[in-house]
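Me: I have a protein chain on my screen and would like to understand the words used to describe it. Could you take me through a few of them?

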Amino acid sequence: MKRLMTVALSAVIAVSAFAQTFSETEPNNTRATADNALYGLSAPWARVGVLSLSANDTDFFKISLNAGDWLTAIIFPTATNYISPDTVMALFDVSGTTAIVWNDDAGSSFGSAIQWQADATGDYFLAITGFHGTTGRNSLSYYEGASHNETGSYILTVSVVPEPASLIALGTGLAGLVALRRRKRA
Ligand SMILES: [Ca+2]
Ligand SMILES: [Ca+2]
């Protein structure tokens with residue numbers, strides 16, 4: 001029994017070491033009022049949030065990225081056969097009104113997913129809202145002041161992984177070695 005509890009406890013620790021949970025603080029409906037739950041984290045990191053959309057609700061999360069960082073964000077809608085709420089998700093920088101990347105439906109679900117490698121270091125904003133038409137899904141105005149009826153809970157999983165500079169350096173080193181061998185042979 002004691003051994004079983006130790007095993008169970010180890011499993012809990014292992015899960016929390018992999019990904020910590022986060023929650024949202026409303027109102028977070030605009031870029032200016034973005035939630036800071038994911039801000040200022042040191043990469044690599046991963047967080048899982050069980051969040052929710054109410055009517056007309058949009059959820060903004062501020063995140064910091066370094067150039068080269070890989071960002072993955074995916075939404076799993078947990079209500080009504082896993083297709084509700086039907087979400088749309090976009091990534092904005094600090095001042096742009098057009099999304100850097102955005103997504104409506106991911107895979108076989110009505111959730112959304114984003115994959116992006118940061119081309120500049122800075123602050124970014126992940127915006128999640130309910131589907132309300134296909135026009136302007138890449139515009140900030142689709143998210144700020146949204147009018148929709150998509151309600152219910154959703155799981156948002158976000159991870160940021162730095163570019164493995166050491167791997168790139170190793171690649172360059174190997175290329176150099178190959179060039180050197182070729183030169184020797186000639
Ligand atoms: Ca919300
Ligand atoms: Ca909100």
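Reply: Let's begin with strands: helices (H or I, at least four residues) and strands (E, at least two) are DSSP runs, numbered from the N terminus. Two strands pair if DSSP finds at least two bridges between them. Please keep in mind that this is a predicted model, where local features need pLDDT of at least 70, side-chain atom pairs count only at pLDDT 80 or more, and totals for chains, interfaces and linings use all residues. Residues are numbered from 1 along each chain as its sequence is written.

Me: What makes E5 and E6 a pair?

Reply: Strand E5 (residues 87–92) is joined to strand E6 (residues 101–103) by 3 bridges, and the two run antiparallel. At least two bridges are required, so E5 and E6 pair.

Me: Why is Pro 164 called exposed?

Reply: A residue is buried if 20 or more other C-beta atoms lie within 10 Å of its own, exposed if 12 or fewer, and partly exposed in between, with C-beta atoms placed from the backbone. Pro 164 has 12 C-beta neighbours inside 10 Å, so Pro 164 counts as exposed. You'll find Pro 164 in the loop between strand E9 (152–161) and helix H3 (165–185).

Me: What makes E5 mostly covered?

Reply: In E5, 6 of its 6 residues are buried. Thr 87, Met 89 and Leu 91 lie on one side, with Val 88, Ala 90 and Phe 92 on the other.

Technical notes
Chains are lettered from A and ligands numbered from 1 in the order in which they are written.
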